[in-house]
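Today I am looking up aromatic rings, a surface patch and a strand.

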Amino acid sequence: MHETALMESVLAILEESARKNGINKITKVKLKVGELTNALPEALELAFEAAKGDLLTKNAVLEIEQVKAYFRCQSCEKIFSLESPGFYCTFCHSRYVKIISGDELLIDYYEGE
Amino acid sequence: MQVQLTTNILKANDAIAALNRKIFSEKNIFVMNIISSPGAGKTTILEKLLLKLPPDIKPAVIEGDLATTKDAERIENTGVFALQINTLGGCHLDANMINQVLEKLPLEEINLLIIENVGNLVCPAGFDLGEDMKMVVLSVTEGNDKPLKYPVIFREAAVSVLNKIDLLNYVDFDLNQYEEDLIALNPDQRRFYISARTEEGLEPLIEFIVEKVRAKKGGE
Ligand SMILES: [Zn+2]
């Protein structure tokens with residue numbers, strides 16, 4: 001699945017940043033993964049374990065924060081979350097809603113020495 | 001030491017996608033990224049569609065496939081330039097794979113590039129290739145529950161195509177529910193209902209694509 005490709009990208013970004021910051025060992029990596037992204041935390045963890053085999057990230061711990069999806073209705077301006085993926089406003093049933101969270105796929109921070 | 005990054009994991013892909021988009025824009029090429037599960041009929045739709053394009057529309061096709069070149073051969077049989085990208089098991093095309101083959105494409109001679117993504121409704125949705133438009137294809141044999149099961153792609157696709165409508169009487173597909181779910185996910189989406197086999201409904205879809213290509217061409 002695409003979690004492998006995502007994790008390769010994570011490691012490439014980490015490597016570049018660690019080099020810039022003079023970090024030789026990464027101890028912790030924190031990701032923020034929105035529930036709308038189709039990326040499964042378990043699969044990301046598996047991909048991380050498979051890919052992290054080099055010195056920089058060998059002992060790193062992966063922490064994934066799942067971010068719940070929230071929407072703002074463009075008709076009534078109210079903010080709501082969705083229990084079912086219907087994508088309409090819970091208050092006024094407008095179809096015009098904007099995603100305000102839940103579609104992110106971020107490296108939040110990492111720790112290293 | 002803690003380093004705050006707040007970096008999008010897909011930033012490398014998105015940067016290359018932006019580069020691709022710039023190249024396509026400079027050459028006035030309209031690019032369509034077609035996404036579906038395996039067996040929805042993408043290649044058959046393309047075969048029919050390519051043969052019916054008016055002469056001012058000059059297409060080329062990129063075929064994303066896990067391993068075989070079967071689909072590209074089918075496209076070539078229509079007389080259209082087709083290039084195969086084998087992902088070697090990868091479940092999606094990414095922007096870099098497209099970038100890598102750009103010089104093999106007749107970019108100076110075309111104004112429509114169709115990218116047939118790897119058959120999969122989940123993974124291709126996350127990867128911008130630099131296209132103008134995503135088109136999601138579903139066939140009635142897959143069931144009407146797919147849009148809510150894979151909301152990301154159905155929300156992102158500017159165009160949806162329901163294929164194999166000639167089989168509607170033989171399968172358990174709730175057309176009203178399908179339409180209702182799509183409207184909820186993406187109220188602005190253009191929806192088409194076709195049978196690539198009988199060619200029913202194909203004409204409006206072709207007209208829509210032709211219009212898009214001509215608009216990008218700048219009304220020459
Ligand atoms: Zn509302």
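B:Tyr178 sits in helix α7 (residues 175–185) of chain B and B:Tyr193 in strand β8 (residues 190–193) of chain B, so the pair ties together parts 15 residues apart in sequence. Helices here are DSSP runs (H or I, at least four residues), as are strands (E, at least two), numbered from the N terminus.

A note on the ground rules: this is a predicted model, so local features need pLDDT of at least 70 and side-chain atom pairs count only at pLDDT 80 or more, while totals for chains, interfaces and linings use all residues. Residues are numbered from 1 along each chain as its sequence is written, chains are lettered from A and ligands numbered from 1 in the order in which they are written, and side-chain values use heavy atoms, leaving out hydrogens and water.

Is B:Tyr178 buried or exposed? I found B:Tyr178 buried, at a relative accessible area of 0%, whereas B:Tyr193 is partly exposed at 26%. Buried means under 20% relative accessible area, exposed over 50%, and partly exposed in between (1.4 Å probe, protein chains only).

I then checked B:Phe192 and B:Phe208, a tilted pair with 5.4 Å from centre to centre and 55 degrees between the planes. B:Phe192 belongs to strand β8 of chain B and B:Phe208 to helix α8 (residues 202–217) of chain B, so this pair ties together parts 16 residues apart in sequence. Both B:Phe192 and B:Phe208 are buried. I also noted that ring pairs link B:Phe173, B:Tyr178 and B:Tyr193 into a cluster.

On to strand β2 (residues 30–36) of chain B. Seven of its seven residues are buried, so the strand is largely enclosed by the rest of the structure. B:Phe30, B:Met32, B:Ile34 and B:Ser36 point one way, and B:Val31, B:Asn33 and B:Ile35 the other. I see β2(B) pairing in the parallel sense with strand β5 (residues 112–116) of chain B over five bridges; strands pair if DSSP finds at least two bridges between them. There, B:Phe30 stands opposite B:Leu112.

Note on methods:
Phe/Tyr/Trp six-rings, centres within 6.5 Å; stacked < 30°, edge-to-face > 60°.
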